[in-house]
Amino acid sequence: MNLSSLKFFRNLIKDNHQFAVIGLGRFGRSVSSTLHKLGYQVIATDIDEKLVSNALAENIAGHALQLDSTQPVALKEAGIFEFDTVIVAIGNYIQESIITTLNVKEGGVPNVVAKASSEVHCKLLRKVGADRVVFPEYEAGCALAKSLTKPSILERFDLDPDNCIVEVMVPEEFHGKTIAELQLRNRFGVNVLAVSEGGKFVINPEPTKRLQNGSIMAVIGNNKDINRLPI
């Protein structure tokens with residue numbers, strides 16, 4: 001990966017190289033395929049033999065096998081407990097999702113990410129030990145709404161409900177001016193993390209760095225402050 005996009009921030013655990021994905025619905029397939037293409041070791045599982053066969057045929061994981069994740073013995077025999085991160089991608093079968101999450105946490109997996117289908121589901125997943133709970137449909141909807149209202153924001157990474165990092169095109173108003181001249185921290189309350197140059201990013205650019213139309217800058221700040229940028 002390179003720094004041409006803030007998508008690199010979306011890695012579940014940057015230093016991990018082994019992932020197990022349990023559940024091969026649309027979300028599980030997408031996670032497995034992306035991790036596999038990025039070069040990570042991925043094992044994908046599902047109770048449905050057809051989904052497992054499809055995963056093998058389409059090469060979306062290094063290994064794929066059929067198992068019942070509600071059975072701790074099956075998970076142990078498959079070596080799932082040895083992985084750095086397990087993604088429980090079972091969203092629509094709440095009981096199976098919760099039992100599976102409990103099983104992998106009790107099996108000693110240090111980082112468990114689980115998909116939730118509701119707030120109650122989310123609370124239950126956290127109760128049984130999920131380290132991170134995601135709502136793919138909700139997050140996709142929020143991202144779409146933000147892209148429609150702020151099309152100049154190319155990528156967005158939410159740090160918490162109030163702060164984020166965004167990747168934006170340098171606005172016309174900033175063209176030809178240095179970061180120091182723009183006084184972005186004083187005027188808008190944001191800080192520039194990186195600026196694109198020749199297809200690459202300059203990290204922590206000097207205050208004398210002059211911004212150009214067509215370039216991209218990555219900035220960090222409060223959501224309200226970022227919304228005040230002339231983009």
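User: Which residue caps the N-terminal end of helix α2?
Analyst: Aspartate 48 caps helix α2 (residues 49-57), with a side-chain oxygen 2.8 Å from the backbone nitrogen of lysine 50. Helices are DSSP runs of H or I with at least four residues, strands are E runs of at least two, and both are numbered from the N terminus. This is a predicted model, in which local features need pLDDT of at least 70, side-chain atom pairs count only at pLDDT 80 or more, and totals for chains, interfaces and linings use all residues. Residues are numbered from 1 along each chain as its sequence is written, and side-chain values use heavy atoms, with hydrogens and water left out.

User: What comes just after α2?
Analyst: Asparagine 59, which takes a positive phi of about 55°.

User: Moving to α5, which of its residues are buried?
Analyst: In α5 (residues 119-127), His121, Cys122 and Leu125 are buried. Buried means under 20% relative accessible area, exposed over 50%, and partly exposed in between (1.4 Å probe, protein chains only).

User: Why are they on the same side of α5?
Analyst: Because they cover an arc of only 100° around the axis, taken from the directions from the helix axis to the C-beta atoms.

User: What do they pack against?
Analyst: The buried residues of α5 pack against α4 (94-106), β5 (111-115) and β6 (132-134), where contact means heavy atoms within 4.5 Å.

User: And which residues are exposed on the other side?
Analyst: Glu119, Val120, Lys123 and Lys127.

Note on methods. Polar contact = N/O pair within 3.5 Å; in protein donor to acceptor, adjacent residues only side chain to side chain.
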